[in-house]
Every structure is written in C-alpha cells, then in structure tokens.
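Please take a moment to look over the sequence and the model shown below, and keep both at hand while reading.

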Amino acid sequence: MLLSVDNRAGGNEGVVYGQALDDLGFLRKATVDMVGRIPTYADIQQFQQWPPAKRRSMLVDRLMDDKGYADRWTVFFADMLRIRSRAEGGNRLLAHVHKSIESGKPWDTMAKELIAASGSASKTPSVGFLLADDSEPMTMAGATAQIFMGVRLACAQCHNHPFERWTQDNYYGLAAVFTRVQRQPGARPDELFISSKRTGEVTQPRTGQTMQPWLPGKGYVAVANDVDRRRVFADWLTRRDNRWFARVEANRIWAAVMGRGIVEPADDLNLANPPSNEALMDHLAKGFVASGYDMKWVHREIMNSDTY
C-alpha cells in the first residue's frame, strides 16, 4: 500500500506490478522463508482446508509457532552476529540465540545481553559475542556499530569517514566503551571469563587525546569508574527514540524475506544510501518499537502485505 501511494504521488502511474502469488505459491514461499523448508503434503492439505479468505494469515500464524521457526532464524542471527562455532563460546552462544528466539525474547533485551554480558560462556552464554573477537575494543567498536546500528564506523579508524558524518574521534570514542572489557582465565584450563575493569583508556593515535565513551547522536559522556561503560552504551542503544537500532533490524528482516533491503546493503544505513521507500522504513521501524521489539510483528506485517 505504501509503495502504491508513493508511486501515485511521484506521478508513476505506469508502474507495472508483478502478478500476485496464488495460494500454493504463497504457501511454498512463506514456509521456506519462515521455517527453512518446503511444505509437506500434510501442510498442503491443512492449508487447503482453511477458509480461502483467511488461509494466508492463518498460515503465517501457524509458521510463527512451528518448531522450525527458531531453527531458521537462528541461522539469520548467526550470520548477523558473526557466530563461529569454533570460536570461544561459539556453540553456547548459538544455543543461547536459539533459545531466545524460541521463547520470544525481545530484540532489545537480546542486544543488551550480547553487548554488556559478564561471566563465563558456560554460565552466561551471551559473552560468546565478546569472546569471538578476543574482546578487542577496536574490533568491537566497528562490529557493534555495524551490527546494531547499520553504521560502518570502521571506515573511520584511520581517518574521518570519506562519505559520512563519522569522524576518527567518533571511532575511538566508541572503542572507549569496550576498552575496559577484560578476559580472565577460569578454574578450568579451557574456561574464560569476561568482566569489566575500573581502569583503561583509549588514545586517539592522531591527536594523542584520551577518548571518553561516545554515543552517536548524543556525544561524549563521562562514566563513573564503578559503572560498566557497556551498560551505558546498551541502554542508550535500545532507547525507543534511537532510530538506528530499530531501522537496521527491520530492514534486515525485510531483506531476508524479500530478497533485497529497503536500504541495500542491508547493514549500511548512511546519508549517501537512503531507503528506497522512506515511509515504508519508518512504518516498520516504528511498529517494531511499538511491538516491544517483537521480531514476529515485523514478519507478520511483511507477510500479510500485498507486496509480499
């Protein structure tokens, strides 16, 4: 609907629309998209027994409750979070993500756990996100910005970003969020703990300046030594008025089921790469926030649309 309104407003009345999927085509596409397999004969029979006017929305609801849903979308998150099974804590993190999807954990809660977790992978599996990159603050700054905000801040490590607003100071300011994270050996030889120190700073190599933690859109902030900087960042990141957080995830989900993001590449939201449909992006992002960061809300909204 939003696409049609935009086309009319832009004088594009001659747009040729693709032919809509028939019911069986919809059944196949939706099943592959949501649970990662083609429908069985029993699935087809059940689908055809449902009232024609309601069968598509009924299918979407059933797929959300299918045990294959968590399996399929764990693959989505494993790719997004760069989970490697051979990395320290990788398998436990993978199982944690699967359990989180299965239980319907909101995305903002998941994000906070991944960014600000402390402990060992055996007791707190979300620390696997930090262990995978050896908790190195420069790597974590670039990865966190791209994963949770769709911002390619790593381009500003050596110089100001050539195509965006981000500066080298911004990059090292975000690295300061993670510079006090430490890895410590546990009681077992193969066990590592993640914790936060009270000391440790990042120096901007070009200016020699000691960098305070930086929050995009807010600026540099003073954080007491007894407060984990990661929690300050995670709380800012998941605020309801943070446009980056909701928009990049809604865009990724759209790309996963539609084949192309509203912004493409799906994790590169920048001024030089605007959405192909701003109203659609805003609608999905605002609805995602209003739903309590419920990924299934985004899926239902997309799959029950004429565009899908």
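The second largest pocket holds about 380 Å³ of space, where a pocket is an open set of points on a 1 Å grid over the protein atoms alone, with protein on both sides within 12 Å along at least five of seven lines, and a volume is the space filled by probe spheres set on the points, which are joined across faces, edges and corners. This is a predicted model, in which local features need pLDDT of at least 70 and side-chain atom pairs count only at pLDDT 80 or more, while totals for chains, interfaces and linings use all residues. Residues are numbered from 1 along each chain as its sequence is written, and side-chain values use heavy atoms, with hydrogens and water left out.

Lining residues are those that have an atom within 4 Å of a point, and the second largest pocket has 23 of them, with Arg165, Arg243, Trp244, Arg247 and Leu269 lying nearest its centre.

A cavity is a set of grid points where a 1.4 Å probe fits but cannot get out, and a search of the whole structure finds three cavities of 30 Å³ or more. About 110 Å³ of space lies in the largest cavity, whose lining includes Tyr69, Phe77, Trp107 and Met295, and the elements that give two or more residues to this lining are α5, α7 (107-116) and α14 (295-303). The second largest cavity has about 60 Å³ of space, and α6 (90-102) and α8 (128-131) each supply at least two residues of its lining.

How do helices meet one another? Two packed helices are described by the angle between their axes and the distance between the axes. Helix α2 (residues 23-35) packs with helix α5 (residues 67-80) at an angle of about 65°, with their axes 7 Å apart; axes are lines fitted to C-alpha atoms, for helices over the stretch in contact, and angles run from 0 to 180 degrees between N-to-C directions. The two helices are therefore roughly perpendicular, a term that covers angles of 65 to 115 degrees. In this contact, meaning heavy atoms within 4.5 Å, Val32, Asp33, Met34 and Val35 of α2 meet Gly68, Tyr69, Arg72 and Trp73 of α5.

Helix α9 (residues 137-149) and helix α10 (residues 168-178) pack at about 110°, with their axes 8 Å apart, so α9 is also roughly perpendicular to α10. By class, their contact has 10 nonpolar, three polar and no charged residues.

Finally, strand β2 (residues 181-185) pairs with strand β3 (residues 192-196) in the antiparallel sense over five bridges, pairing being assigned if DSSP finds at least two bridges between two strands. A hairpin of six residues joins β2 to β3, and Arg183 stands opposite Ile194 in β3.

Technical notes
Helices (H or I, at least four residues) and strands (E, at least two) are DSSP runs, numbered from the N terminus. Angles under 35 degrees count as roughly parallel, over 145 as roughly antiparallel, 65 to 115 as roughly perpendicular and the rest as oblique. Ala, Val, Leu, Ile, Met, Phe, Trp, Tyr, Cys and Pro count as nonpolar, Asp, Glu, Lys and Arg as charged, and the others, Gly among them, as polar.
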